Amino acid sequence: MHKHLQKVREFHDQFGIEQPEYPETAHLSDMDIVMRQALLMDCGSETFKAITGGDLAKILAGLVDLAYNALAAIACRGDDVVSTSVAWRQDGSVLSVMRVLADKINQCASGESIHYSALYNICEQLARGFINADFDKAFAMVHANIMHSGHGAADAGRDYSQRIAKETLPLAPDLSEALYE
């Protein structure tokens, strides 16, 4: 199992978020897909705002949050991360970054692990190549922040407004130390 996916599954176990035992697989319901898409779109919006502001630490936080949410969907399906070929035009243009992220988020509306994996993979690639950051360190920092936040302790059952609140990630810590100089 992928190392970052293991951390997300640990988060789900600690806070009572339902997921099948790995490697049992399950399909997401239509409402689960809509909820996951809402969470991804919120993270995407925050990432785009950070790009607009030029704050590398906040862009990194947005990319890690997107990756974390993509992995959460994969965990809730009982799947593992799928190796996907991801490419973005490394031309220094923020528009190419925005387009590739928007496209990958949109493809996740399928509810399929291949698309969540592609989003995770492009976030990792952008963190390393566009932001020039240590993605593993940033992911570990965000995960530690989530695990110590006491976030999401209530049982939400099938109430999607409560589930969205439960699965919305807390504000990421300052990830400046994960940026390479």
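Helices α2 and α3 are roughly antiparallel to each other, a class assigned to angles over 145 degrees, with under 35 counted as roughly parallel, 65 to 115 as roughly perpendicular and the rest as oblique. The model is predicted, so local features need pLDDT of at least 70 and side-chain atom pairs count only at pLDDT 80 or more, whereas totals for chains, interfaces and linings use all residues. Residues are numbered from 1 along each chain as its sequence is written, and side-chain values use heavy atoms, with hydrogens and water left out.

**Packing of α2 and α3**

- The axes of α2 (residues 30–53) and α3 (residues 56–77) cross at roughly 165° and come within 8 Å; axes are lines fitted to C-alpha atoms, for helices over the stretch in contact, and angles run from 0 to 180 degrees between N-to-C directions.
- Helices here are DSSP runs of H or I with at least four residues, numbered from the N terminus.
- The crossing of α2 past α3 is left-handed, a term for a near helix turned anticlockwise from the far one by less than a right angle.
- On the α2 side, the contact (heavy atoms within 4.5 Å) includes Arg36, Leu39, Leu40, Cys43 and Thr47.
- Twelve nonpolar, four polar and three charged residues make up the contact of α2 with α3; Ala, Val, Leu, Ile, Met, Phe, Trp, Tyr, Cys and Pro count as nonpolar, Asp, Glu, Lys and Arg as charged, and the others, Gly among them, as polar.

**Packing of α1 and α3**

- The axes of α1 and α3 cross at roughly 75° and come within 9 Å.
- α1 contributes His4, Leu5, Lys7, Val8, Arg9, Phe11 and His12 to the contact, and α3 contributes Tyr68, Leu71, Ala72, Ile74, Ala75 and Cys76.
- Nine nonpolar, two polar and two charged residues form the contact of α1 with α3.

**Nonpolar core**

- The largest nonpolar core has 57 residues, and Leu60, Leu101 and Leu119 have the most contacts inside it; such a core is a set of buried Ala, Val, Leu, Ile, Met, Phe, Trp, Tyr and Cys residues joined through side-chain atoms within 4.5 Å.
- At least two residues of this core come from each of α1 (3–15), α2, α3, α4 (94–107), α5 (113–129) and α6 (135–147).
- α3 gives the most to this core, with 16 residues.
- Not counting residues up to four places away in sequence, Leu101 touches Thr47, Phe48, Leu63, Leu66, Leu119, Ile122, Cys123 and Leu126.

- Arg36, located in helix α2, counts as buried at 2% relative accessibility; buried means under 20% relative accessible area, exposed over 50% and partly exposed in between, with a 1.4 Å probe and protein chains only.
- Beyond residues up to four places away in sequence, Arg36 touches Ala72, Ala73, Cys76, Tyr116 and Glu167.
- Thr47 also lies in helix α2 and counts as buried at 0% relative accessibility.
- Apart from neighbours within four places in sequence, Thr47 is in contact with Ile59, Gly62, Leu63, Leu66 and Leu101.
- Thr47 and Arg36 are eleven residues apart in sequence, and their C-alpha atoms are 16 Å apart in space.

**Asn132 in the α5–α6 loop**

- Asn132 is found in the loop between α5 and α6 and is partly exposed, with a relative accessible area of 36%.
- Although Asn132 is not a glycine, its phi is positive, at about 65°.
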